[in-house]
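Student: I have just opened this structure and would like to learn how to read it. Could you take me through it step by step?
Tutor: Gladly; let us look at it together.

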Amino acid sequence: APPAGSRGSSTAPTAAPTGPTAQATVSNEMGAALRSAPDQNLDPVVSVPAGTVFTAIGRSVNSEWVQVALDDGTSAWALVTTVTLDSDVGALPVTQ
């Protein structure tokens with residue numbers, strides 16, 4: 001049997017933060033469409049209402065998107081214009 005923790009696990013990648021995090025609150029009245037990557041051409045993986053709070057764990061190189069941790073342990077991307085962060089977006093690590 002392969003040793004515990006070896007490759008070959010079928011679990012999805014987790015959204016474990018690798019650097020500073022911030023609190024992201026959806027501030028857009030229409031809510032936010034979260035995507036699997038920082039690309040508006042992708043279909044949303046989930047849409048969330050205004051007031052939803054996430055932990056922001058990363059940002060895109062251009063700081064136009066923030067990566068947020070979802071309750072199921074995965075992550076998704078929100079346009080920075082749809083959320084309010086409790087710290088500067090530039091303080092988040094670049095994750096994409």
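Student: Leaving aside neighbours within four places in sequence, which residues is P20 in contact with?
Tutor: Contact means that heavy atoms lie within 4.5 Å. With neighbours within four places in sequence left aside, P20 is in contact with A56, I57, A91, L92 and P93. P20 and I57 are 37 residues apart in sequence, while their C-alpha atoms are 7.0 Å apart in space. Before you read on, keep in mind that this is a predicted model, where local features need pLDDT of at least 70, side-chain atom pairs count only at pLDDT 80 or more, and totals for chains, interfaces and linings use all residues. Residues are numbered from 1 along each chain as its sequence is written, and side-chain values use heavy atoms, with hydrogens and water left out.

Student: Why does P20 count as partly exposed?
Tutor: Buried means under 20% relative accessible area, exposed means over 50%, and partly exposed is in between (1.4 Å probe, protein chains only). P20 has 47% relative accessibility, so it counts as partly exposed. Of the 96 residues of the protein, 32% count as buried.

Student: How many helices and strands does the protein have?
Tutor: Helices (H or I, at least four residues) and strands (E, at least two) are DSSP runs, numbered from the N terminus. Here there are 0 helices and 7 strands. P20 lies in the segment before β1.

Student: In what order do the strands form the open sheet?
Tutor: Two strands pair if DSSP finds at least two bridges between them. In this model, 5 strands form an open sheet with antiparallel pairing, in the order β6-β5-β4-β1-β7. β6 and β7 (83–85) stand at the edges with a single partner strand each, so one side of each has no neighbour in the sheet. Direction ignored, neighbouring strands of the sheet are turned by 45° against each other on average; the axes are lines fitted to C-alpha atoms, for helices over the stretch in contact, and angles run from 0 to 180 degrees between N-to-C directions.

Student: Which residue in β6 stands opposite V68?
Tutor: That is A76. V66 also has a bridge partner in β6, namely A78. β5 and β6 (residues 75–79) are antiparallel and pair over 5 bridges. On to β4 (residues 53–59): 4 bridges join this strand to β5, again antiparallel, and G58 stands opposite Q67 in β5. As for cover, 4 of the 5 residues of β5 (residues 65–69) are buried.

Student: Which residues touch the most other members of the largest nonpolar core?
Tutor: A nonpolar core is a set of buried Ala, Val, Leu, Ile, Met, Phe, Trp, Tyr and Cys residues joined through side-chain atoms within 4.5 Å. Of the 17 residues in the largest one, L34, F54, V66, V68, V83, L85 and L92 touch the most other members. The largest share, 3 residues, comes from β1. Beyond neighbours within four places in sequence, the contacts of L85 include A22, A24, V66 and L92.

Student: Where does pLDDT stay under 50?
Tutor: pLDDT is the predictor's confidence in each residue, from 0 to 100. It stays under 50 over residues 6–13, for which the model has 2 contacts beyond four places in sequence. Where pLDDT is low, the predicted coordinates should not be read in detail. For the protein, the mean pLDDT is 87, and 81% of its residues reach 70 or more.
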